[in-house]
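The tour goes from one selection to the next and says what is found at each stop.

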Amino acid sequence: MKKKLAVLTGAGISAESGLKTFRDGDGLWEGYDVTEVASPEGWKRNPALVLDFYNMRRKQTVEASPNKAHTGLAELEKYFNVEIITQNIDDLHERAGSTKVAHLHGEIFKMRSEKLLIPSYEIKGDIQLGDTAPDGNQLRPDIVWFGEAVPMIEKAAEIAMDADVFVVVGTSLVVYPAAGLVDMVPLYNPKFVIDKKVPYLKPMHNLTVIEKPATEGIKELTVQLKKMFGL
Ligand code: APR
């Protein structure tokens, strides 16, 4: 039986694909004020601006390609039962070939009615003000904004609690509940943190820190895991 490898990823894993992280810059996100484009209040104030922002990010995602960190994680499926929990709304894990990806914060190619949590609709192109869901209400991105519920957290918690090995890649670990998942991993199971610039970490048992860009970090992780499990 393959061991269970759970991987929590954040914006840093897609940085080498050309997609910007959130907290490495100046508080602006591609020139947009984060609180205006990723909150229910901002949506109420200016839905057209919010739609423009996500139209732009959708286009960037279409144009981006998975990098070696994404493909390296997909290749680990040869040896492990890999479950990815991503905070990213891009689809680069799926395009790299990962088969089990839970999107904690939603997906850029999904939209839903602003009045209903489900169903959600696959949409590749732009969405404008006035585009409605079948219930007659405005479509909005199926993305978890600040202050909103995180429906996938229950599944993510199960994955973390069941992990033989837990890996964190490219996240500043400041946004909860995602940041709390690492606390749910069985105490003595191996944990790895890969980040270009590792954020503050609480003390943890059996922790290996790899302070490198994600592409190099996943390569090193693969070497260490193969050694650890005699693969
Ligand atoms: N390789 C590895 N790590 C990197 C790289 C890289 N090439 N580039 C940046 N990083 C690291 C940064 O050092 C930082 O620790 O990636 C992390 C990115 O952190 P954030 O920008 O805070 O992104 P993330 O943790 O994914 O944000 C969480 O916050 O804005 C909300 O919902 C949004 O999902 C997002 C959540």
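Which residue in β8 is the bridge partner of S113? Select S113 and then L139: L139 is the partner in β8. Residues are numbered from 1 along each chain as its sequence is written. This is a predicted model, in which local features need pLDDT of at least 70 and side-chain atom pairs count only at pLDDT 80 or more, while totals for chains, interfaces and linings use all residues.

**The antiparallel sheet**

Now select β6, residues 106-113, together with β8; the two pair in the antiparallel sense over 4 bridges. Strands here are DSSP runs of E with at least two residues, helices are runs of H or I with at least four, and both are numbered from the N terminus. Two strands pair if DSSP finds at least two bridges between them. Angles run from 0 to 180 degrees between N-to-C directions, with axes as lines fitted to C-alpha atoms, for helices over the stretch in contact. Contact requires C-beta atoms, placed from the backbone, to lie within 7 Å.

**The whole chain**

Zoom out. The protein chain has 8 helices and 11 strands. Its radius of gyration is 18 Å, close to the 17 Å that the globule rule gives for 231 residues, so the chain is as compact as a globular protein of that length. That radius is taken over C-alpha atoms, and the rule is 2.2 Å times the number of residues to the power 0.38. The C-alpha trace spans about 55 × 35 × 30 Å along its principal axes. Of the 231 residues, 37% are buried. A residue is buried if 20 or more other C-beta atoms lie within 10 Å of its own, exposed if 12 or fewer do, and partly exposed in between, again with C-beta atoms placed from the backbone.

**The parallel sheet**

Select β5, β4, β1, β9, β10 and β11 in that order: they form an open sheet of 6 strands with parallel pairing. The edge strands, pairing on one side only, are β5 (101-103) and β11 (207-210). Neighbouring strands are turned by 15 degrees against each other on average, direction ignored.

Strand β4, residues 80-86, pairs with β5 in the parallel sense over 3 bridges, and I85 stands opposite A102 in β5.

Then go to β10, which pairs in the parallel sense with β9 over 4 bridges and with β11 over 4 bridges. Select K191: this residue is the bridge partner of F166 and stands opposite L207 in β11. In a regular strand the side chains alternate between the two faces of the sheet. Along β10, K191 and V193 point one way and F192 and I194 the other, and all are buried.

Show helix α8, residues 214-229. The helix lies across β1 (3-9), β9 (165-169), β10 (191-194) and β11, running at about 160 degrees to β10.

**The cores**

Which residues have the most contacts inside the largest nonpolar core? Select V7, I85, V167 and I194, in a core of 36 residues. A nonpolar core is a set of buried Ala, Val, Leu, Ile, Met, Phe, Trp, Tyr and Cys residues joined through C-beta atoms within 7 Å. Elements giving two or more residues to this core include α6 (92-96) and α7 (153-161), and β9 gives the most, with 5 residues. Centre on V167, which touches L5, V7, F192, I194 and L221, not counting residues up to four places away in sequence. A second, separate core has 8 residues, among them A38, V50, Y54 and I89.

**Helix α5**

Finish at helix α5, residues 68-75, where T71 is found. In the helix, A69, H70, G72, L73 and A74 are buried. The buried residues of α5 pack against β1, α1 (12-15), β4, α6, β9 and α8. Leaving aside neighbours within four places in sequence, T71 is in contact with P66, A96 and G97.

Terms used:
Two residues are in contact if their C-beta atoms, placed from the backbone, lie within 7 Å.
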